[in-house]
Amino acid sequence: MKIYLILLFFVFSFTALAQNAPVKWATQETFFEDLIGKDLPPFNGLTINKKQLSNTDLKNQVVVINFWFEKCPPCIAEMPELNNLVAKYGKKAVRFIGITHDSPASARRFQKRNGYKYEIVSLSKDEIRKLNINHGFPSNVLVGKDGKIIYATANISFFDPQFKAKSVLFEAQLIGALTRN
């Protein structure tokens, strides 16, 4: 009987210790934080100009990847601000890629109608899911020349107070990536 009581005491002791451990809740923010320092996963897609593009084509480049699709209102709302980033940094060795699950033909029509300035790559929904670097749409991922993820965030907006601080940080990380060797 004493042995059972001692075992019971140890079980409850460990349970009490486990309950005091800090809990890290899985949120969009923690998902993005966990990406920092990881390699850009391999992918291979078709651009709207019917050219193959894979992660290996992005070596030694600073890359901004925007996950979007044409029926996503927040994706469309952030596109003018993304185009402003292209205007500011596109000629400074930053490659801007939009990844969508829309077909290349549909994405090409969307780009012509809306003036989205990113290079667009079509992947299937399953291929995007397997990348495991976007947490909903839109998602924006900054990748350094070494192929590692520097920063990731959801919406980019320098005007909406809900997203401004993260957008300013995204741009600061982009500038930092350009100055690193």
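Predicted model: local features only at pLDDT ≥ 70, side-chain atom pairs only at ≥ 80, totals over all residues.
**View 1. Phe158 sits in a loop between strand S7 and helix H6.** The strand covers residues 149–153, and the helix covers 164–179. Phe158 counts as buried because its relative accessibility is 18%, and buried means under 20%. Its contacts include Glu81 and Leu85, along with Lys164, Ser167, Val168 and Glu171. Phe158 and Glu171 are 13 residues apart in sequence. In space, their C-alpha atoms lie 9.9 Å apart.

**View 2. Helix H3 has a kink at Met79.** H3 runs through residues 73–89, 17 residues in total. From first C-alpha to last, H3 reaches 25 Å, close to the expected 24 Å. The kink is about 40° and comes shortly before Pro80, a proline.

**View 3. The buried residues of H3 pack against strands and helices.** Among these buried residues are Cys75, Met79, Leu82, Leu85, Val86 and Tyr89. Glu78, Glu81 and Asn83 are buried too. Their packing partners are strands S3, S4 and S6, plus helices H4 and H6.

**View 4. The largest nonpolar core holds 26 residues.** Val64, Trp68, Leu85, Phe96, Tyr116 and Leu142 touch the most other members. S3, H3, S4, H4, S7 and H6 each give two or more residues to this core. H3 supplies the largest share, six residues. Another core, of 22 residues, lies apart from it; Phe32, Phe43, Ile65 and Leu131 are among its members. Nonpolar side chains tend to be buried together in soluble globular proteins. Which residues does Tyr116 touch? Among them are Trp68, Met79, Leu82, Asn83 and Phe110.

Notes:
Residues numbered from 1 in each chain as written. Heavy atoms only, no water. Helix = DSSP H or I, 4+ residues; strand = E, 2+ residues; numbered from the N terminus. Buried < 20%, exposed > 50% of the residue type's maximum accessible area, 1.4 Å probe, protein only. Contact = heavy atoms within 4.5 Å. Expected span 1.5 Å × (residues − 1). Bend = angle between axes of the 7 residues up to and from the residue. Core = buried A, V, L, I, M, F, W, Y, C linked by side-chain atoms within 4.5 Å. Lists of a residue's contacts leave out its neighbours within four places in sequence.
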